Amino acid sequence: MYSLLRKALFTLDPERSHYIAMQGLQLAYQLRLLNRLPAIPPRPRTVMGLTFPHAAGLAAGLDKNADYVDALAALGFAFIEIGTVTPQPQAGNPRPRLFRLPEQEAIINRMGFNNKGVEYVARKLEQTAYRGILGINIGKNKDTPLENAADDYLFGFRHLWKFASYMTINISSPNTAGLRDLQQGDMLKALLGALKQEQQQIEKAHQKYVPLVVKISPDLSADALQALAQVLIEQRIDGVIATNTTLERQGVEQSAHAKETGGLSGKPLQSRSTETIRALHSMLQNRIPIIASGGIMDTASASEKLKAGASLLQVYTGFIYKGPAIIRQLATL
Ligand SMILES: Cc1cc2nc3c(=O)[nH]c(=O)nc-3n(C[C@H](O)[C@H](O)[C@H](O)COP(=O)(O)O)c2cc1C
């Protein structure tokens with residue numbers, strides 16, 4: 001059934017069809033149609049001190065503003081990551097900024113952190129019924145200078161921690177100028193140090209430990225990845241998401257959209273992202289759990305991620321191309 005729906009949706013502009021699909025999902029939830037879905041048999045696992053009902057979660061970017069959390073949860077995701085949310089609302093890049101590459105089962109996007117801001121998201125989360133595992137992915141506003149980036153992440157953390165099972169520090173989107181520089185050197189240490197300190201203060205004042213997860217790029221050199229892993233260990237970061245989208249265009253050269261600026265996701269990202277997990281796993285030696293994101297399109301690609309060292313899975317592009325059925329399939333792993 002999803003393949004028919006997908007056919008219809010794919011005739012529309014990608015951003016418009018995203019909106020229509022999410023509104024449709026919301027309506028199905030409100031009409032209680034999603035209650036009829038058979039329950040997913042649990043395969044629980046504990047990661048970062050949190051017990052996940054199974055391994056398959058939703059990656060950031062699909063529900064940037066926490067508008068659809070209850071409806072998405074009803075589909076059976078083991079966890080949902082909302083965001084990226086920035087302190088102030090921002091429009092993102094001009095359209096078009098989202099491109100489908102159906103033959104390659106891929107997407108290129110240069111959304112640029114379009115989102116309604118921290119205050120809006122907090123209001124939405126107040127109204128949300130979902131009590132499962134919620135990740136909140138935070139970023140910096142486009143016009144915040146890189147040297148003040150920590151202020152934006154701290155702002156997001158302080159205003160949203162109480163809703164979060166874990167917080168993701170997004171320093172790997174390719175669509176905010178300079179953001180990926182935060183993955184290196186003193187800027188990385190200063191940023192993670194400040195957030196770690198805030199985490200301790202929140203724990204002390206509110207008796208809630210909110211795990212900090214760092215989301216990384218698949219485009220780091222081996223040396224840069226090694227240096228990053230070292231800082232993650234030193235700063236006692238709780239988890240890593242590997243990976244965000246890539247700037248590479250391997251495997252999509254034939255597409256009319258290959259030259260569009262932005263991050264590439266889906267099948268062409270799969271092996272690059274899995275190799276990042278493998279390398280990271282050998283560097284981290286089980287000291288920090290890895291959450292896989294990047295080209296999970298079926299159980300085979302997901303199994304490879306787990307074999308490479310990941311503890312949990314996140315889907316975005318696979319969910320767009322395969323539909324909600326992918327959640328049930330991945331939940332068997
Ligand atoms: C349209 C679109 C928007 C995205 N927005 C975000 C975002 O706001 N924050 C983020 O951390 N990742 C974002 N991502 C990256 C995804 O969360 C995911 O890490 C990436 O697409 C690789 O996984 P996939 O191949 O399953 O899509 C976005 C991806 C897409 C396709």
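Predicted model: local features only at pLDDT ≥ 70, side-chain atom pairs only at ≥ 80, totals over all residues.
Two strands are said to pair if DSSP finds at least two bridges between them.

**First stop: a pair of strands.** Select residues 166-170, which form strand S8, and residues 212-216, which form strand S9. These strands run parallel and are joined by four bridges.

**Second stop: the barrel.** Now extend the selection to strands S3, S4, S7, S8, S9, S10, S12 and S13, in that order. Together they make a closed barrel of eight strands with parallel pairing. From one strand to the next, the twist averages 25 degrees.

**Third stop: the annotated region.** Colour residues 46-330, the range to which an unreviewed UniProt entry assigns the annotation "domain: Dihydroorotate dehydrogenase catalytic". Over this range the chain is 35% helix and 19% strand.

Which polar atoms lie close enough to oxygen atoms of the ligand to count as contacts, given a limit of 3.5 Å between N or O atoms?

- Lys64, where a polar side-chain atom lies 2.9 Å from a ligand oxygen atom.
- Ser293, where an N or O atom of the side chain is 2.7 Å from a ligand oxygen atom.
- Thr243, where a polar backbone atom is 3.3 Å from a ligand oxygen atom.

On its own the ligand has 600 Å² of accessible area, and the protein covers 97% of it.

Most residues other than glycine have a negative phi, and most peptide bonds are trans.

Remain at Thr243, which lies in the loop between strand S10 (239-242) and S11. The peptide bond joining Ala242 and Thr243 is cis, with omega about 15 degrees.

Next, select Pro96 in the loop between S4 and strand S5 (98-101). The bond leading from Arg95 to Pro96 is also cis, and its omega is near 0 degrees.

Finally, move to Ala66, in the loop between strand S3 (56-58) and helix H3 (69-74). Although Ala66 is not a glycine, its phi is positive, near 60 degrees.

Terms used. Residues numbered from 1 in each chain as written. Heavy atoms only, no water. Polar contact = N/O pair within 3.5 Å; in protein donor to acceptor, adjacent residues only side chain to side chain. Areas by Shrake-Rupley, 256 points an atom, 1.4 Å probe, with all protein chains shown as cover. UniProt positions renumbered as here; feature names shortened; annotations may be inferred. Helix = DSSP H or I, 4+ residues; strand = E, 2+ residues; numbered from the N terminus. Axes fitted to C-alpha atoms, helices over the stretch in contact; angles between N-to-C directions.
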